[in-house]
Amino acid sequence: MVDALHEAHRILRPGGVVADLRPERDPGNRRRRYIRAEVRWDGQWVSAGAMRETTEYISDYIGADRAVARVLREGLFSLERSELFWLRTYFRDLQTVDRHLALERTGTSLPETTRRSLQRQLRRYPSARIAAADLFRLNVLRKDQ
Amino acid sequence: MIRMRGVRFDPERAEVRVLLRSAPLRGARLLDVGCGDGRLTRRIKGAPRSVVGVDPDPDQIARARAFTSRLLRRRVRYEVGAAEALPFGRHSFDVVLFSWSL
């Protein structure tokens with residue numbers, strides 16, 4: 001990760017920027033990360049619980065944070081901006097959620113309590129859409145002149 | 001990310017809006033590191049002057065090229081390469097984007 005940032009520094013013009021966009025860990029507990037499971041009904045989001053990522057992913061996020069901290073310490077970049085935002089993925093039904101988790105997010109599980117909660121919400125609002133809401137961070141690092 | 005029926009990724013375009021608001025993409029020479037099949041590369045194509053997507057997986061790069069229209073290929077191109085040894089010279093870009101790839 002540090003090597004990738006050193007390469008970015010080499011190919012950037014002086015004053016150029018790195019935009020580092022990636023999943024953010026739970027602000028309350030930096031050793032875990034939850035993805036919110038929601039249903040959207042009548043223009044509103046209703047929470048149905050959480051999906052949890054494995055520690056393998058968390059290690060990657062910690063490694064990326066450390067790499068950014070290191071290049072800032074080295075004086076190669078300065079942190080110009082950092083912000084959090086929610087990013088949602090929509091699913092047609094629960095089967096699609098399961099397929100997506102199996103193929104795309106192999107380290108993420110849908111706990112039974114969340115599954116039951118989603119099923120309850122979908123029985124109540126049959127045309128509601130299911131979504132996974134991920135907390136993301138954008139860091140903007142500027143290469144020194 | 002694999003395209004899957006019944007899945008819509010970020011239809012609100014939150015990712016693109018945050019990038020356009022907070023990173024100086026307009027008129028820039030942009031490198032998208034770990035671009036995969038070029039999903040985000042294509043979404044932000046309107047702002048930068050030119051975009052290069054790079055990914056170590058040749059299959060992903062082939063998909064990215066296939067998804068890119070002939071018209072767009074004037075400004076957007078894709079190359080196979082690793083983030084730790086980028087196949088570009090010094091000072092070649094204004095913005096380097098790591099999207100889920102750092």
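Housekeeping, quickly. Residues count from 1 along each chain as its sequence is written, and chains are lettered from A, with ligands numbered from 1, in the order in which they are written. Since the model is predicted, local features need pLDDT of at least 70 and side-chain atom pairs count only at pLDDT 80 or more, while totals for chains, interfaces and linings use all residues; side-chain values use heavy atoms, with hydrogens and water left out.

Okay, the chains themselves. Chain A has four helices and six strands, where helices are DSSP runs of H or I with at least four residues and strands are E runs of at least two, numbered from the N terminus. The order along chain A is α-β-β-β-α-β-α-β-α-β. Its radius of gyration is 19 Å, well over the 15 Å that the globule rule gives for 145 residues, so chain A is more spread out than a compact globule. That radius is over C-alpha atoms, and the rule is 2.2 Å times the number of residues to the power 0.38. The C-alpha box for chain A is roughly 60 × 30 × 25 Å along the principal axes.

Chain B has three helices and five strands, running β-α-β-α-β-α-β-β. With 102 residues, chain B has a radius of gyration of 13 Å, which agrees with the value for a compact globule.

Now the interface. Contact, meaning heavy atoms within 4.5 Å, takes in 42 residues from chain A and 40 residues from chain B. The buried area is about 3500 Å², 63% of it from carbon and sulfur atoms; that is accessible area (1.4 Å probe) lost on putting the two parts together, summed over both. On the chain A side, A:I11, A:L21 and A:Y90 supply 18% of what chain A buries against chain B, more than any other three residues.

So what about charges? There are two salt bridges between the chains, counting a side-chain nitrogen of Lys or Arg within 4 Å of a carboxyl oxygen of Asp or Glu. One salt bridge is A:E83 with B:R21, at 2.6 Å, N to O.
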